[in-house]
Amino acid sequence: MLWTVCVLCMTILGLMFLLKKLNQPYLIAYIIAGVLLGPFVLKLFSKTEEIEMIGEIGILLLMFFIGMEINIPNKKSLIIKPVLAQGMKILLSFVFAYFIGKILKLDNKSTLLIAILFSFNSTAVVVEFLKKHGTLNTAFGIVILNILLLQDLLLAPVLTVLKFWNGENFSIFNFVLPLAICIAIFLIFRKIRHMREIKFSSTFVEDDHDLQVFFGLFICLGFGLVAETVGLSAALGSFIAGILVGKVKEFHWLEHSLMPFKVFFVSLFFVSIGLRLDIDYLLSNYKLIGIGTLVVLISNSIMSAIFFRILNFRWGDSFYGGALLSQTGEFGILALSIAYKTNMVEYELYKVGLGITCLSLLCSTIWISFGTVFKAHKNTGSSEKRKIK
């Protein structure tokens, strides 16, 4: 184990130095390290499921930190726009999946799975870029973040539909309870959005670093556990915990105490994505997976850019938003796994979907860089035109 961890750290460090010179995000280093050290190349890691489960803690910590940093929007437009945008995205995803199903002669279950893959994006990837570009707390960034949170809310009913379609007993309770919890969360947010801070005494942990670490982890993971138990995503629960903790001035030490854990576990999550990429299968089916990845990136970008433009964002911002929401995310991988384990889809479609999802996550970082350049060029051009006028 010690040898394995040392090699992993050395590989990630080497890739990070390279990517830093190329001004690329470190997420690429984590995914590539997973590919190189995974069961399909150097075979240093073989039990990908264990690393995947550990890595999911990183997503909870990431969402917790986002909740601490974000401000609850006061404007109704910042809430209504994400609902409209995600609604249009789901509609276009089903239309697009329907045509793909007709062309490839797929059954209804496979077509539904393709629509689900188009509907979800990677919260971790998108948020990292929003923070890197300093747009997380802008009106545009808040709209995108709220779209991602809506996707988290949709996870529970989507998984319920997948299980029901496979023949499991349908329960209306699985829909009603998450809906009731969401309404309660909305009412709590309305109550606290105008509050500068929540009064809470934490003197018993202020000077004790060990207590701070475990108290913070308990809050983050505990809220995630409660959310998962009632049918929501664990990431959404951690995000809610972050918002509440962010309002408590006495808990500002949490960011310093938990930051190393966040970096480590988030890196493991992306390493686990790289571990799942079967290089042999990828090379033997490179045309299908390569074309599929391009179709996902381009179609998702166009769909997202269209509804951002409909919501009156500038073309530069719209294309940038389209690039941010171009990939299929970690929830798509979860849906694929459930569909395969419940025999909804065949092994071939599962491997192709997994390959496309992993590649779209890897390639989206480069795709987003092009979107950033296009945004800067387009917005600069618009500003110059207004000056001339």
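A residue counts as buried when its relative accessible area is under 20%, and as exposed when that area is over 50%. The model is predicted.

**Exercise 1. Characterise the chain as a whole by secondary structure, burial and contacts.**

Solution. Begin with the secondary structure: the chain has 16 helices and zero strands. Next, consider burial: 51% of the 389 residues count as buried. Then take the contacts between residues at least 6 apart in sequence; 79% of these join residues at least 24 apart. Finally, the accessible surface is about 19600 Å², with 69% of it belonging to carbon and sulfur atoms.

**Exercise 2. Is D152 buried or exposed, and which residues does D152 touch?**

Solution. First locate the residue: D152 belongs to helix α7, residues 139-165. Its relative accessibility is 1%, so D152 counts as buried. Leaving out residues up to four places away in sequence, D152 touches M63, T123, S233, A235, L236 and F331. As a further check on distance, D152 and F120 are 32 residues apart in sequence, while their C-alpha atoms are 8.6 Å apart.

**Exercise 3. Determine whether K89 is buried or exposed, and list its contacts.**

Solution. K89 is part of helix α4, which covers residues 77-104. The relative accessible area of K89 is 0%, and therefore K89 is buried. With residues up to four places away in sequence not counted, K89 touches F118, S119, N121, Q151, N300, S304, F307 and L325.

**Exercise 4. Compare the span of α5 and of α10 with the expected value, and state how far each helix is enclosed.**

Solution. Helix α5 runs over residues 108-119, and its twelve residues reach 17 Å from first C-alpha to last, close to the expected 16 Å. Ten of those twelve residues are buried, so α5 is largely enclosed by the rest of the structure. Helix α10, residues 234-246, has 13 residues and reaches 18 Å, close to the 18 Å expected. Eleven of its 13 residues are buried, so α10 too is largely enclosed by the rest of the structure. The buried residues of α10 include A235 and L236, both of which D152 touches.

**Exercise 5. Which residues line the largest cavity, and which helix supplies the largest share of the lining?**

Solution. The structure holds one cavity of 30 Å³ or more, and the largest cavity has a volume of about 60 Å³. Its lining consists of R276, L277, D278, Y281, L282, I289, K351, L354 and G355. Helices α12 (279-284) and α16 (347-388) each supply at least two lining residues; the largest share, three residues, comes from α16. Sorted by class, the lining has five nonpolar, one polar and three charged residues.

**Exercise 6. What are the phi values of K43 and K105, and where does each residue lie?**

Solution. K43, however, has a positive phi of about 60°, and the phi of K105 is near 55°. K43 is placed in the loop between α2 (27-37) and α3 (48-69), whereas K105 lies in the loop between α4 and α5. As to accessibility, K43 counts as exposed at 58%, and K105 is exposed at 76%.

Methods:
Residues numbered from 1 in each chain as written. Predicted model: local features only at pLDDT ≥ 70, side-chain atom pairs only at ≥ 80, totals over all residues. Heavy atoms only, no water. Helix = DSSP H or I, 4+ residues; strand = E, 2+ residues; numbered from the N terminus. Expected span 1.5 Å × (residues − 1). Buried < 20%, exposed > 50% of the residue type's maximum accessible area, 1.4 Å probe, protein only. 1 Å grid on protein atoms, 1.4 Å probe; cavity = no way out; pocket = protein on both sides within 12 Å on 5 of 7 lines; lining within 4 Å. Points joined across faces, edges and corners; volume = space filled by probe spheres on them. Nonpolar A, V, L, I, M, F, W, Y, C, P; charged D, E, K, R; others polar. Contact = heavy atoms within 4.5 Å. Areas by Shrake-Rupley, 256 points an atom, 1.4 Å probe, with all protein chains shown as cover.
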